[in-house]
Amino acid sequence: MPYVDSDGTSLYYERHGGGPAIMFVHGSGGHHAAWWQQVAALRDEFTVVTVDLRGFGRSDSSMPEFDGQDFPGDVLAVLDHEDLTDVMLVGQSIGSVAALRAALLRPERVSSVVLGHSLGGISHPELRELAAADRAEAVKLPVIDRLLTRSFQTEHADLTFLFQQMGTFNAAKMQDLRNLDTNGPSLDEIQSSGVRLAFLAGERDAVLTVRTVTRAHALLPGSHLEVVPGAPHSMYWETPELYNAAVARLRRTLTTPKEAAA
C-alpha cells in the first residue's frame, strides 16, 4: 500500500498493470477506489495509477481546510515517486483542473491530458460564460440527478447506493475546495506547452453540456473531442464500457507522435 509525501502531506496511491501510463484523478466525491471498473478493464494493456488527493480516501485529511491549488502538486508527487513519463492524466470533473495544471507544470512527465466532464479551469471569457450558464441549470436538480441518469438510478439502485457511499470516505467536500479555478491557464499557454489535450464529454451530462465542451474544443486547435452517447456526468460509473473504450482509444491516439498523427 504505497504512500508518498507531497509537501508534508501523506498521499495514498496505487499502481496496477504495465504498459503506457494512465493516471486517473478523481472528482469531488471520489477517491482511488472509484476507479474499480477502469482498473480491472485497462490494467492488462496499460499502467494504471490511481491516487487519493489530500482530504480524500486514505490520504492525509487532518488539515483544517483544503485548497484546490495544492492538488496538482499531489499528482506530481506520485509521478515523481514512480518516475513515470509520457503519462496521460485523466481527470474527472474537478480532478481535470488538477490534471491540467500538473501537466503544464511538468510536461516532461505528462504528455497528454483528458478533461473528463470539465474545461479544466481554462481561463477564457466565452467559456466561463457558457460553463456558468450550464451550472445555473444544473443546480436546479438534486445532486444525484446531476451525476447519474434517472433510469440508471431506477434500474441499478445497488450501484447508485454504492456511488453515494463513496463520498462518505472523504473529509474534503466540494465547498471546501477553495481557489480551484483561480488563475487558470489560457488557451495560448496550453498550446505552447506541447501537452496534447482531449475533451471527454457525456451526451447527457447535466453539469457541463456537450455544446460547451464542443466550443472549447473548437477554440483549442489540435485538441481531441470524444462524446459518449447517452452518458451522464459520472459516466466512468454508469457507462464504464463506453468510458473505458474512449480512454483506451485516447491513450493509443495521444501516444502517437504529433507528426505521425498529422
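Strands 3 and 5, residues 21-25 and 87-92, pair in the parallel sense, with four bridges between them. Within strand 5, G91 is the residue that stands opposite V25. Please keep in mind that this is a predicted model.

Those two strands belong to an open sheet of eight strands, in the order 1-2-4-3-5-6-7-8, with mixed pairing. At the edges are strand 1 (3-6) and strand 8 (224-228), each of which pairs on one side only. On average, neighbouring strands of this sheet are turned by 25° against each other, direction ignored.

Helix 3, residues 94-105, packs on the sheet and touches strand 3, strand 5, strand 6 and strand 7. The direction of helix 3 makes about 150° with that of strand 5. Helix 9, residues 210-219, lies across strand 7 and strand 8, and runs at about 165° to strand 7.

Now to helix 7, residues 157-166. Which of its residues are buried? They are T160, F163 and M166. These sit on the same side of helix 7, because they cover an arc of only 115° around the axis. The buried residues pack against helix 5 (143-147), helix 6 (150-155) and helix 10 (235-238). On the face turned away from the buried side, helix 7 carries the exposed residues A157, D158 and F161.

Last, the aromatic rings. The structure holds nine aromatic pairs. F163 of helix 7 belongs to a cluster linked by ring pairs, together with F24, W35, W36, Y236, W237 and Y243. Another ring, that of Y12, has R58 over its face, at 4.7 Å from the ring centre.

Definitions and conventions: Residues are numbered from 1 along each chain as its sequence is written. This is a predicted model: local features need pLDDT of at least 70, side-chain atom pairs count only at pLDDT 80 or more; totals for chains, interfaces and linings use all residues. Side-chain values use heavy atoms; hydrogens and water are left out. Rings of Phe, Tyr and Trp (its six-membered ring) pair if their centres lie within 6.5 Å; planes under 30 degrees apart count as stacked, over 60 as edge-to-face and the rest as tilted. A charge sits over a ring if NZ of Lys or CZ of Arg is within 6 Å of the ring centre and within 35 degrees of the ring normal. Buried means under 20% relative accessible area, exposed over 50%, partly exposed in between (1.4 Å probe, protein chains only). The arc is that of the directions from the helix axis to the C-beta atoms. Contact means heavy atoms within 4.5 Å. Two strands pair if DSSP finds at least two bridges between them. Axes are lines fitted to C-alpha atoms, for helices over the stretch in contact, and angles run from 0 to 180 degrees between N-to-C directions.
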